Amino acid sequence: MASSPSSHKRTESVISSSSFSSPPPNMYFASQHHIPNNHSGFQTAPSSPAPAPPSTSTTFSADVLLQSGPLTQVSSPLSSHTTKPFTPLPAVLDERDALPSHHLLKIKSFSTLSKLPIEKFSNDFEAGGYKWNFSIYPTGDKSKDGEDHISVYLEIAETSTLPTGWEVNAIFNFFVFDQIRDKYVGPQDAIVRRFHCMKKQWGIVKFIDLETFNNPYNGYLVNDTCSFGVEVFTVKTNSKAECLSLINSPVTRKISLSFSNVSKPTSRIQSGLFPAGDYKWRVLFYANGCQLEGNKTNSIVSLFLVVDASTLAADTKILVHYTFRVHDKRNGNHFERSDMGLFDSSPRGFREFMTQTKFKDIENGYVVGDTCHIDVELKVLGLVKVE
């Protein structure tokens, strides 16, 4: 599928301690890369594999989970207070000067947000023609074992206006602002995620551990202020879904054909229509080869099979196994070739079925009295239809 990310306008939000006269809704965050000391790397869930991180790159860890849990898990190396086992899955974090393309959230008085009697804060924004919800759990999503971390989620919003059976494919990236180094940093895996009625949300449960985040030397939280961002690039597709239905105990259809005057320079000889399965077919015989523009030759014999378009339903292709067999009338050493393929209204077969030299050699018995006899065997195995 050829697809291209969509570009969208960016929104900015600022949260300060004065903003919370009542518990707010939900919001969504990102992570960062700087590792200033032995307590500020990243860790991941127990199920992740453990390749060694590059010595010259900053790393984080990721663990993809289902609807009931997080998409990716990113955190720092185990601190002295951490007792849960982990297996690191290093990955390089990208840093850049440019702001996140679609949404930026600045939080003043993060400590106040952490103490509010709410589990999460969320904020809506638009990207790619859809509304999204960006959520942050300042002390972790405890329902998914996110204690002592910041958890973040991205959810598609207002889906009631979308058509039945809707599906949105998107690439999204999260960022946290390194205020010391003036960089926006975050994992960017460029993986396309599917949002649909059974899976509206993707997220990161253990995005970054609070010990690392709260250390001002890391640049994440300075003077109780921090900034997070998100980009969402929707992936448009024009692909069609097709369904292959196979036939139980398919029947082989065999027909014998005779082609006369094969020595004449006729470009093509075609058989009459014959039935096989629920369709009608014909054979195209090129005794002097099927000539293609820019690739003409008289040294070959060509044979093709084609289904009559009037018997073929729209948006349907037929899976067929077929065999051409040219009779040797002198020695009984028949020559045959087989293939299997999907047939629409275009011919399929063998442009180079055999050489002219072999076909016209009297000793081979393929042409007797300027006539050749060809058997066609075909078996309809199934149908491919657009859903």
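Modeller: Happy to, and please keep in mind that this is a predicted model. Let's begin with phenylalanine 350: its relative accessibility is 9%. Buried means under 20%, so phenylalanine 350 counts as buried.

Biologist: How many aromatic pairs does a search of the whole structure find?

Modeller: The search covers the whole structure, and the number of aromatic pairs it finds is 22.
One of them joins phenylalanine 213 and phenylalanine 228.

Biologist: Are the planes of phenylalanine 213 and phenylalanine 228 stacked or edge-to-face?

Modeller: The ring centres are 5.8 Å apart, with 20° between the planes. Planes under 30 degrees apart count as stacked, so this pair is stacked.

Biologist: How many residues apart are the two in the chain?

Modeller: Phenylalanine 213 is in helix H2 (residues 210–214), whereas phenylalanine 228 is in strand S13 (residues 225–234). The pair therefore links distant parts of the chain, and both partners are buried, phenylalanine 213 at 0% relative accessibility and phenylalanine 228 at 1%. Their separation in the chain is 15 residues.

Biologist: What about tyrosine 322 and phenylalanine 350: which parts does that pair tie together?

Modeller: This pair is tilted, at 6.2 Å centre to centre and 55° between the planes. Tyrosine 322 is buried, with a relative accessible area of 1%. The two residues are 28 apart in sequence, so the pair ties together strand S20 (residues 316–326) and strand S22 (residues 348–355).

Biologist: Which charged residue sits over the ring of tryptophan 202 at 4.1 Å from its centre?

Modeller: Tryptophan 202 has arginine 193 over its face, at 5.5 Å from the ring centre. The residue whose charged end sits 4.1 Å from the centre is lysine 199.

Biologist: Now to histidine 327: is it buried or exposed?

Modeller: Histidine 327 lies in the loop between S20 and strand S21 (335–343). Its relative accessibility is 17%, and the limit is under 20%, so histidine 327 counts as buried.

Biologist: Which side chain does histidine 327 join through a polar contact of 2.6 Å?

Modeller: Leaving out residues up to four places away in sequence, histidine 327 touches His334, Gly365, Tyr366, His373 and Asp375. The side chain at the other end of that 2.6 Å polar contact is aspartate 375.

Definitions and conventions: Residues numbered from 1 in each chain as written. Predicted model: local features only at pLDDT ≥ 70, side-chain atom pairs only at ≥ 80, totals over all residues. Heavy atoms only, no water. Phe/Tyr/Trp six-rings, centres within 6.5 Å; stacked < 30°, edge-to-face > 60°. Helix = DSSP H or I, 4+ residues; strand = E, 2+ residues; numbered from the N terminus. Buried < 20%, exposed > 50% of the residue type's maximum accessible area, 1.4 Å probe, protein only. Lys NZ or Arg CZ within 6 Å of the ring centre and 35° of its normal. Contact = heavy atoms within 4.5 Å. Polar contact = N/O pair within 3.5 Å; in protein donor to acceptor, adjacent residues only side chain to side chain.
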